Amino acid sequence: MTAILTRRSEHFLADPAPSDEELTYLLRGAATAPDHGTLRPWRWILLRGEDRVVLGGCLADEHPGPASDRMAAHMLSAPLLAVLVFAPQPNGKVPKWEQLAATSSMTHSLMLLLHARGYGSIWRTGLLAESAAARSLLRIDPAERLLGGLWIGTPDPAGKRPRRPLEDVAHRISVFRAREQTSAGHV
Ligand SMILES: Cc1cc2nc3c(=O)[nH]c(=O)nc-3n(C[C@H](O)[C@H](O)[C@H](O)COP(=O)(O)O)c2cc1C
């Protein structure tokens with residue numbers, strides 16, 4: 001509960017970011033998230049240093065304007081950009097939407113694991129999720145879909161991140177009672 005209530009999307013992140021080895025280790029943990037058929041329908045592409053700038057420039061060239069300027073600036077707002085690729089597997093039993101749900105579960109697990117180790121992250125989509133130029137630069141297969149990425153690094157230790165209160169979700173829960181349905185004439 002502590003990890004859940006203290007994780008926030010971090011817009012500005014500095015060094016250090018996890019090494020490739022540490023990220024791989026955390027991903028092994030995140031991959032245990034619920035995944036119907038254990039298909040692992042995803043992959044990550046890691047960018048650091050100048051390679052982030054190349055991706056930002058590619059987005060800016062494709063759609064010149066404020067949105068791509070913002071995205072290009074975002075590229076430098078964290079030392080590690082982990083681009084998330086949805087790679088649905090042909091499967092007669094597990095439809096694409098379930099595979100997307102598994103990918104999302106894995107990503108949230110990864111964000112929590114990063115947070116528990118003192119790293120911060122933010123999932124951004126925007127232009128990166130829709131860009132044909134980024135697809136080509138990163139060699140995304142036609143059957144795959146870009147889901148944006150996680151910007152990863154270390155949050156400013158002096159930054160104030162108050163623990164969030166638990167949200168009231170009672171109105172989002174209903175209880176089904178078959179007996180009441182029957183007496184109301186629905187069954
Ligand atoms: C699929 C997905 C896409 C997101 N895309 C963006 C984005 O493009 N830009 C952004 O600032 N935040 C993005 N976010 C982060 C949300 O804005 C953020 O989670 C939300 O504001 C709640 O903040 P919190 O994570 O600190 O609780 C995205 C989150 C998800 C799950």
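Over how many bridges do β1 and strand β2 pair? They pair over seven bridges, in the antiparallel sense.

## Getting started

Welcome to this predicted model, where local features need pLDDT of at least 70, side-chain atom pairs count only at pLDDT 80 or more, and totals for chains, interfaces and linings use all residues. Residues are numbered from 1 along each chain as its sequence is written, and side-chain values use heavy atoms, with hydrogens and water left out.

## The overall layout

The protein has eight helices and four strands. Helices (H or I, at least four residues) and strands (E, at least two) are DSSP runs, numbered from the N terminus. Starting at that end, the elements follow the order α-α-β-α-α-β-α-β-α-α-β-α. The C-alpha atoms fill a box of roughly 65 × 45 × 35 Å, taken along the principal axes.

## The sheet

The four strands form an open sheet in the order β1-β2-β4-β3, with antiparallel pairing. Here, two strands pair if DSSP finds at least two bridges between them. β1 (42–48) and β3 stand at the edges with a single partner strand each, so one side of each is left without a neighbour in the sheet. From one strand to the next, the twist averages 25 degrees.

Let's return to the opening pair. Strand β2 covers residues 80–86, and its V83 is the bridge partner of I45. Helix α3 (residues 50–62) lies across β1 and β2 and runs at about 110 degrees to β1. For such angles, axes are lines fitted to C-alpha atoms, for helices over the stretch in contact (heavy atoms within 4.5 Å), and angles run from 0 to 180 degrees between N-to-C directions.

## Around the ligand

Now for the ligand, which is surrounded by R7, R8, S9, H11, I122, W123, R124, T125, G126 and R164. A residue counts as near if one of its heavy atoms lies within 4 Å. Strand β3 (residues 120–124) gives the most to this shell, with three residues. By type, the shell divides into two nonpolar, four polar and four charged residues.

Some polar contacts (a pair of N or O atoms within 3.5 Å) can be found here. An oxygen atom of the ligand is 2.8 Å from an N or O atom in the side chain of R8, and for the side chain of R7 the distance from a ligand oxygen to such an atom is 3.1 Å. The backbone takes part as well: a polar backbone atom of T125 is 3.0 Å from an oxygen atom of the ligand. The protein covers 53% of the 630 Å² of accessible area (Shrake-Rupley method, 1.4 Å probe) that the ligand has on its own.

Key:
A polar contact is a pair of N or O atoms within 3.5 Å; within protein, one must be able to donate a hydrogen and the other to accept it, and residues adjacent in sequence count only if both atoms are side-chain atoms. Ala, Val, Leu, Ile, Met, Phe, Trp, Tyr, Cys and Pro count as nonpolar, Asp, Glu, Lys and Arg as charged, and the others, Gly among them, as polar.
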